[in-house]
Amino acid sequence: FHQLFKFSVNDLYFRNFSIFISMLFGLSFLFVSHQLKFSKLAVILVLVLAYATPGFVTIYKLIFHKEIVLSILGPGNYIFDPSMILGVSFLLIGMSLLPKVVDSWKVGVIVAMLFGVLSQIKVYTGIVAIIVICLYGVYVVIRTRSINHKPYIVMGGLTAFFTAVTFLPNNIGSGSFIWAPFLFYEHFMRQLAFQDSYWEVKRRIFLEHNNIPRLVLMYIQAISLFVLYAVGVKLIIFSKAFVILKKTFWVNDYNVIFLIAIVFGFLIPTFLIQSVSLFDIGQFFAVSILLLSLPAAYIVSWIFEKNKMVGGMIIGLVVILSGIEMFQVQKRYLFPEDSLNVSNEEVAIYDQVGMKLKKSDFIVSIPEYTIVDDKVILKWYKPLLVSALTGRSVYYEDEIIQNPKTERTRKNRESDILSLTEYIRACSKENIARKLEKIESSFILTQKPENCLKNISKDFSETQSVSFYKIEY
């Protein structure tokens, strides 16, 4: 986090930041609901569906005691991905302002500023935004040829400019899309939860015998299961799907804008995968599923107005499923299966390190390690903690962004850490000094006291769980 954004979690007072982006997330849905003139009931349902995003995965797990992996962020987990929350918030606000661009080029500039930085905040939301601008622009030209199109041209040009300035310098060449129709659903069906269906075995047999009808049926089954578990109660939108056949649907700008965003959020991962982290492309689904909160809430409130009994039952189902989802999230948060505890002594060390080092300094963090067959096996989770709590960069993090252009650097740094760990174990002082001189850092942080480093340190602070050394070389 510190490496990417140049500030630490501590600098942001992370709990307050979480509250801020959570409120921004909700306010963006409120803003759009106001633009769409939703009823009070619909607005409440929008917030419930947006925050809880109740699918059927948790219900399946509770009933069948099996885990289903969707390869997308699940309910309540968006807080662990601030870029998704910010990205969807900006996307929603920009989409709600799009129809007003015709009245003012200033609104177009605001939309361009929101959409132009989206690709850098969250590339999936940025791509959806660019598709929306392009296709909505075509829609506007076809439907209303007599209006002034200059504001749209200004908006499109500025969006392209801001995207190029913010996204391309950091990401150009880092990855691409690969044409792979329905591969995402194949990956979904190969998991343990569906192993009794022998889906993959059957698929290969049908493929070998060129049995196209059976293959089509199998992919329909896979897509239907994925949509069922991922979308959950928001599938209520299909009860009004026929409205897209009416002319009145297509004269409403908001209908067209949100339809484009939702449909392409499903189409892209259906037909493409990423060249890096293949199935992370499933986050497009997450964007669409969040946007579905709006039409789903509107339809449920409409049903309630027409039939209080049926509408009440659906609302009850939404509340129950949302409650179960959020209970599971809180349970995982309050009683985590894997937890990382930081003692007060450790916090004190990290605070000292943050004060002693300049902003330009960085730390060579030696993670915990085990010895297997006389080989050092490193455990990488602590370097992330070091960077977060000191506010200083570390030389190497295992979760650094994978980029073909930096892959050699990443491997070299990993090798340096491994070599340095071996030198510390052997107390080879000359090799330690040479390695640090090559790395160009005097600061080492280890997960236990190291007498060898203490003897060659200019300054040190030690506890049983974390120790800091400033080495002269």
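## Helix packing and a pocket

The axes of helix α3, which spans residues 40–52, and helix α17, which spans residues 293–306, come within 8 Å and cross at roughly 135 degrees. This description rests on a predicted model. The helices α3 and α17 are therefore oblique to each other, and α3 passes α17 in a right-handed crossing. On the α3 side, the residues that meet α17 are Leu41, Ala42, Leu45, Val46, Leu49 and Ala50, while α17 contributes Ser293, Leu294, Ala296, Ala297, Tyr298, Val300, Ser301 and Phe304. By class, the residues of this contact of α3 with α17 divide into 12 nonpolar, two polar and no charged.

Helix α5 takes part in two of the helix pairs described here, one with α6 and one with α16. Helix α5, residues 82–97, and helix α6, residues 105–116, have axes that come within 9 Å and cross at roughly 155 degrees. Because angles over 145 degrees count as roughly antiparallel, that crossing makes α5 roughly antiparallel to α6, and α5 passes α6 in a left-handed crossing. Phe90, Leu91, Ile93, Gly94, Met95 and Leu97 in α5 meet a set of residues in α6 made up of Val107, Ile110, Val111, Leu114 and Phe115. The contact of α5 with α6 has 10 nonpolar residues, one polar residue and no charged residues.

The axes of α5 and helix α16, residues 283–291, come within 11 Å and cross at roughly 50 degrees. The helices α5 and α16 are therefore oblique to each other, and α5 passes α16 in a right-handed crossing. From α5, the contact is made by Met84, Val88, Leu91, Leu92 and Met95, and from α16 by Gln283, Ala286, Val287, Leu290 and Leu291. In this contact of α5 with α16 there are nine nonpolar residues, one polar residue and no charged residues.

| Helix pair | Axes come within | Crossing angle |
|---|---|---|
| α3 and α17 | 8 Å | roughly 135 degrees |
| α5 and α6 | 9 Å | roughly 155 degrees |
| α5 and α16 | 11 Å | roughly 50 degrees |

The pocket is lined by 28 residues, of which Ile237, Phe249, Leu259, Ile262 and Pro295 lie nearest its centre. The largest share of the lining, eight residues, comes from α15. By class, the lining of the second largest pocket has 24 nonpolar, two polar and two charged residues, whereas the contact of α3 with α17 has no charged residues.

Conventions
Residues numbered from 1 in each chain as written. Predicted model: local features only at pLDDT ≥ 70, side-chain atom pairs only at ≥ 80, totals over all residues. Heavy atoms only, no water. Axes fitted to C-alpha atoms, helices over the stretch in contact; angles between N-to-C directions. Helix = DSSP H or I, 4+ residues; strand = E, 2+ residues; numbered from the N terminus. Parallel < 35°, antiparallel > 145°, perpendicular 65-115°, else oblique. Left-handed = near helix turned anticlockwise from the far one by under 90°. Contact = heavy atoms within 4.5 Å. Nonpolar A, V, L, I, M, F, W, Y, C, P; charged D, E, K, R; others polar. 1 Å grid on protein atoms, 1.4 Å probe; cavity = no way out; pocket = protein on both sides within 12 Å on 5 of 7 lines; lining within 4 Å.
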